[in-house]
Structures are given as C-alpha cells and as structure tokens.
Amino acid sequence: MTTAHRNEAVRSERRVIGNVVRGSIGNLIEWYDWYAYTAFSIYFAATFFPQGDSTAQLLNTAAVFAVGFLMRPLGGWMLGRYADRFGRRAALTLSVALMAFGSLIIALTPGYDSIGLAAPLLLVAARLLQGLSVGGEYATSATYLSEVATEGKRGFYSSFQYVTLVSGQLVALGVQIVLQQVLTGDQMDAWGWRIPFVIGAFGALVVLWLRRGMDETESYKNSSSSGAEQGTVKALLQYPRECMLVVGLTLGGTVAFYTYTTYLQKYMVNTGGIDKPTAAWINFFALLAFGVLQPLAGALSDRIGRRKLLMFFGISGTLLTVPLMTVLGGTQNPIAAFLLMMGGLIIVTGYTSINAIVKAELFPTNIRALGVGLPYALTVAIFGGTSELVALWLKQAGMESLFFYYVSGCVLISLLVYLRMRETSKDSRMGN
C-alpha cells in the first residue's frame, strides 16, 4: 500500500470514528433521558401518585414505564420509515428533539397533591413522547452505526450503540449518586428528582447541534430503490422470515436486559434489603464494567461470528437466571450483590453487544431502518417494557420467584431461534 493510500485509509477511518462518536453521544443522551425515569422513580413515585405502600407506588411508576414502551412500535414505524425515506441523519435529529420535550414535561409537572389526576396524566404523556423517540432512535442508530462502520469492524463499531445506551444509564445513576451526596432524602423526594430531567432536556439541545455535522451513510446515498419503495410496510412484508427472526432474537434478550439493569436496583432494595445509596453504587460499577464489555464482545464477533455469542447468551441465560436471582434476593453483602449482578450482565453481553448488527445484516438498505425498528420495538414493548411490571406484580402477589422462571423461559425461546438461524456476518445484506 502506498503512502497516499495509507493516508486516505487513515482519514477514512477517522471520519468513521467521528460519525460514530457524534451518533453515539446522541444515543447516550436519549437513553440517559429514558433511564432517568427508572433511576429516580424511587423518589418521585409519591409525587405523582396517591399515598400508599412503597411497592404499590413503584408498581404505578412501573406501569407508566411500560406505557412508554407502547409507543416504541409507533416510533419504530414512524422514524424508521422517515429514516429510510429521508435519511438516517434527519431521523436521528428528530428523535432527540422529541426526547428533550418529554423530559421537560416531567421536570416541570406539579405533583398529585397540587393538580390531582392531571399529574399522572402528564407523566404518561411525557413517557409516550419519550417512547416514540426511543422507538425511532434504536432503529435509526442501529442502522446508522452498522452502515457507517468499516467492513470487517461492523460488530465492533455497532456495539457502541449499547456502550452509549449503558452509558446513558450510568450517567443517570451518576447524577443520582451525586444528588444523594448533596441533598437530603426529604429534598430528593420533594424536588431533587426534577434536576436530572432538566439536565436531560438541556443535553438533548446540545445533541441537536452536534448531529447537524454527521455524514449521511454511503449505503443510504447509494440506495437504488425509489423513494416510494423505501421504508414502507408493503416493502417490509416481503421479508416475513427476517421480521420473525428479529422478534425471536429480541424476546429473551430484552427481558434479560431489563431484568439485570433497570429492575435489579429495585430488587436489591425492595427484596434484598440493601439501602438505596448502596444499591445505586452497585448498579453504577456493574454497569460501568458492562459498558466496557460491549466493544470487546463486538470485536470478538467480527472474528468468530455473531451466532456463537448469541448461543452463549441463550444457554447461560436459560440455565443460570433462576439461581442468580434467587441468591441475589437473599444477600445484603454489597460485594456479593455486585458479583451476582456482573454474572447476569456478562451473560446478557452475548446479546447486547451484537444485537444491532445482527438485525441490520438481515435487511437491504431500502427497508433496513424499518425492518430493524418495527419488529424489535413491538417485541420490546410487549416483553421488555413489562418485565419490571410483571416482577413487581408477582412480588405483590407473593410469588416473586415465578418471575425468575419467566425470564429463563423467554431466553429459552430465543435460544431455539439461535439454534436455527444462519451466521449473519457471512450472509449479510449490508452491501445491498
């Protein structure tokens, strides 16, 4: 290779990295806003709902969390179609604007004692907007990172979707930890929980400016399909097997992910008896390690294939979820709780690190964003968004251990899909 060719390759790789960074920062803010809700729900549950026992109030906030997921299929359809017709960059910019507005509503809404039923109704409206945004963000960012990545490194670069997804959750937890150090418990319950939503709204405005400098992907610009064909449900229906594969790929992964991330903090507090600040620290360090694992596993998939990592997740998740959750519910030792949580997150890494690229490799360019987004969002809305609700409902009914078997069963269904699917890295439609 000549010096000129090497310099051109370096410039091209730097441009890829720049686009990945700009796309990923936006993804981080989106998911920070989304997870700030669940991180701070233990503080604002009493603000939006009538007084009652803590489990009942958390159940109400979990129900609203699940309602937000109902909009994700609509967001996956609307913004996925928009991305396929008008470009990935335009759709990513629109999604972050919707998220900013939703966060601002939560930050400014008075409590139930002040405006009665309007308080939870406004909370629901805000989560519906954020659900619309996140549904579109996943589809478009998964597509963008997969298309903009250098061939042979797509597993590595696309894994940054979950790096930034987890980073968004980490930032939410980090804000929570800082506020816990500087504010009293009463201050957190009264008004301190509003601060993270103000931060999220402001961060989204910064991302709007950053995303203006992103390049459109070459795959989209070179797409041979006409505008009328791009991003339509009619075009998507030509790939029924691929759509069902996305559902099967996602089912176990989304239930396990939300169990081992968003629900586990409440599980440690509500079942294990670990105090709130300690549970927040455990979650913070476990998720930090989880984020580091994503690009390592993504790079591994570029070498050994995607299917082997999915098989690791499917087998381990099916066999080990029940013992991990059972032991964790009975420990108050912070180190033991951290190690148990890490065990679950290592298992989930087999899914999270590569799920974006696997789905993107199933579809051609003209339908990729919608194909990745719509069946994924439907599955997440039905199963991922209700995971916490199911867990808390079973706990309130005195049957909490049944939830562990529910998670294992969902992972088992996905394992059956992994056993029959092809190796997408060797049979990819990314060039189409």
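1. The protein chain has 432 residues, for which a compact globule would have a radius of gyration near 22 Å; the chain has 21 Å, which agrees. The radius is taken over C-alpha atoms, and the globule rule is 2.2 Å times the number of residues to the power 0.38. Along the principal axes, the C-alpha atoms fill a box of roughly 65 × 45 × 45 Å.

2. This is a predicted model, in which local features need pLDDT of at least 70 and side-chain atom pairs count only at pLDDT 80 or more, while totals for chains, interfaces and linings use all residues. Residues are numbered from 1 along each chain as its sequence is written, and side-chain values use heavy atoms, with hydrogens and water left out.

3. The secondary structure comes to 20 helices and zero strands. Both are DSSP runs numbered from the N terminus (helices: H or I, at least four residues; strands: E, at least two). Of the contacts with a separation of 6 or more, 86% join residues 24 or more positions apart; contact means heavy atoms within 4.5 Å.

4. Of the 432 residues, 59% count as buried (under 20% relative accessible area, with exposed over 50% and partly exposed in between; 1.4 Å probe, protein chains only). The chain exposes about 16500 Å², and carbon and sulfur atoms supply 66% of this area. Accessible areas come from the Shrake-Rupley method with a 1.4 Å probe.

5. The largest nonpolar core has 79 residues, and M268 and F363 have the most contacts inside it. Helix 13 (residues 240-272) gives the most to this core, with 14 residues. Apart from it lies another core, of 23 residues, including F44, I105, L123 and W193. A nonpolar core is a set of buried Ala, Val, Leu, Ile, Met, Phe, Trp, Tyr and Cys residues joined through side-chain atoms within 4.5 Å.

6. The chain carries 32 positive and 24 negative side chains, with the centres of the two sets 7 Å apart. Lys and Arg count as positive and Asp and Glu as negative; His and the chain ends are not counted. The place of a charge is NZ of Lys, CZ of Arg, CG of Asp or CD of Glu.

7. R194 sits in the loop between helix 9 (185-190) and helix 10 (195-210). At 19% relative accessibility, R194 counts as buried. Leaving out residues up to four places away in sequence, R194 touches T47, I106, A107, L108, T109, P110 and G111. R194 and A107 are 87 residues apart in sequence, yet 4.9 Å apart from C-alpha to C-alpha.

8. R154, in helix 7 (residues 154-158), is buried with a relative accessible area of 19%. Its C-alpha atom is 9.1 Å from that of S301, 147 residues apart along the chain.

9. E147 belongs to helix 6 (residues 118-148) and is buried, with a relative accessible area of 7%.
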